Amino acid sequence: MSSSTQISAPQSMRTFRVLPFTPPPGASGLRQQVRAFLADNMPPTDAPYRANSWTVGDREFSRKLGQAGYIAMIWPKQYGGHERHPLERYIVLEELLAAGAPVGMHWIADRQSGPLILRFGTEKQRMMFLPRIAAGELFGCIGMSEPGSGSDLASVRTRAIRDGDGWRVSGQKVWTTNAHNAGLMIALLRTGEPGGRQEGLTQFLIDLTAPGVTVRPIIDLAGGHDFNEVFFDDLFIPDDMRVGAEGDGWKQVTAELSLERSGPERYMSCFALFLEMVRRAGPTPDAAMTALIGRLSAEMWTLRHMSMSTAAQLAAGNDPTLEAAIVKDLGNSFEQELPRLVQAAADADLDLSSNEDLARLLALLLQISPSFSLRGGTREILRGIIARSLGLR
Ligand SMILES: Cc1cc2nc3c(=O)[nH]c(=O)nc-3n(C[C@H](O)[C@H](O)[C@H](O)COP(=O)(O)OP(=O)(O)OC[C@H]3O[C@@H](n4cnc5c(N)ncnc54)[C@H](O)[C@@H]3O)c2cc1C
């Protein structure tokens, strides 16, 4: 694209911005390097593990990615980063997801926890956490949701109370992905309530091995263990593990959500199924299969363009809250529709124990894909953000 495209709207409305972006020089060489890395290092995985692989964890694989410079790619070198271009990072993520690589162990820390510490953390916090995240040795989790506070995040009740040179915390987080593997949680806690509810919130860096923290698994309906309940019982958090100023939590969380919502993982969770369907269709698919492959490829290509443009906006220092919400909403709709379309088109069983990769992938993704439009903000919440950003409510 040679110039910026805008979807027009009445004057008072914000518009959807598609920023021009040019792949950085050497982008195709980088793609080849990642493929070569994967050929040498990708652990043997059963087909279902290649689906939704950004939630599938492998410590050793994450450590190898860290050594190869594929984590913390855009962070400053002084914190273990590699000062690469954000679109180079995008290319690496895309290749890893397309191969179904198990990147779940470090995904949250690389995408979200690290950038948050980089932006709002102190020098001490940066030195303490970022190099270990970059090395693929320290993993993170997001402590936002609580029982009764999911969509309405501003209503979190777990309270941090001042105690000498720190804070005491008792309460509970829920649906915490990766807490059973992570050493670090960034938790949104209530530290006061002056004025509106959004004002009394502060984020803290919590050592999940500290006394007073208990992590309990939640097993999902497909039998997987991705998320957890995390309980705090009189946990002490030193004040130097507070992120930014007291009361700045809401501002930080909203900045973080654009990072969480706009990446390629928001439309590639079913890519392994798509590949398997194409493989099975062979070189001469019938007319209906040709049409389906064409339709899904075109939708993916469009989503990719929107997602990369949002990455370019983040890199340019813009606030793409609207664009990120649209990418996630459309991306999740695509990811949820894909298994249903494959089920209708391909003559495959739905059986997690089948010998056929297609049947196992389909069975898994039909079970777990309803959750894709819950994690990271539900469809209704995203559409509310979109409507507000466009001046429609
Ligand atoms: C796979 C997965 C992983 C997750 N990982 C994490 C994690 O790592 N860390 C974390 O903190 N959380 C995590 N979550 C939690 C997730 O963020 C919440 O499930 C989500 O925000 C919805 O909150 P809730 O479950 O409390 O539902 P509720 O907020 O109770 O919503 C229930 C329904 O009501 C609708 N609704 C609610 N409010 C409104 C409104 N104002 N207008 C219109 N409709 C509304 C919702 O859209 C939804 O359909 C995860 C969830 C899933 C499914």
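**Around the ligand and between the domains**

A: Let's start with the shell around the ligand: its residues divide into seven nonpolar, ten polar and two charged. Keep in mind that this is a predicted model.

Q: How many residues surround the ligand, and which are the closest?
A: The ligand is surrounded by 19 residues. Met144, Gly150, Ser151, Thr378 and Glu380 are the closest.

Q: Which elements give two or more residues to that shell?
A: Those are β3 (140-143) and α11 (379-389).

Q: Okay, domains. What does the assignment give for the protein chain?
A: Domain 1 covers 27-138, domain 2 covers 142-248 and domain 3 covers 262-389.

Q: So where does the ligand lie relative to domain 2 and domain 3?
A: Between them, because domain 2 and domain 3 both give residues to the shell around the ligand.

Q: Switching over to domain 1 and domain 2. What separates their centres?
A: Taken over C-alpha atoms, the centres of domain 1 and domain 2 are 24 Å apart.

Q: And how many residues does the contact take from each?
A: From domain 1, 15 residues; from domain 2, twelve residues.

Q: Which elements of domain 1 give two or more residues to the side that touches domain 2?
A: α4 (104-120) and α5 (123-134) do.

Q: Which gives the most there?
A: α4 does, with seven residues.

Q: What about the classes on that side of domain 1?
A: The side of domain 1 that touches domain 2 has six nonpolar residues, eight polar and one charged.

Notes. Residues numbered from 1 in each chain as written. Predicted model: local features only at pLDDT ≥ 70, side-chain atom pairs only at ≥ 80, totals over all residues. Near = placed C-beta within 6 Å. Helix = DSSP H or I, 4+ residues; strand = E, 2+ residues; numbered from the N terminus. Nonpolar A, V, L, I, M, F, W, Y, C, P; charged D, E, K, R; others polar. Domains from an automatic or database assignment. Contact = placed C-beta atoms within 7 Å.
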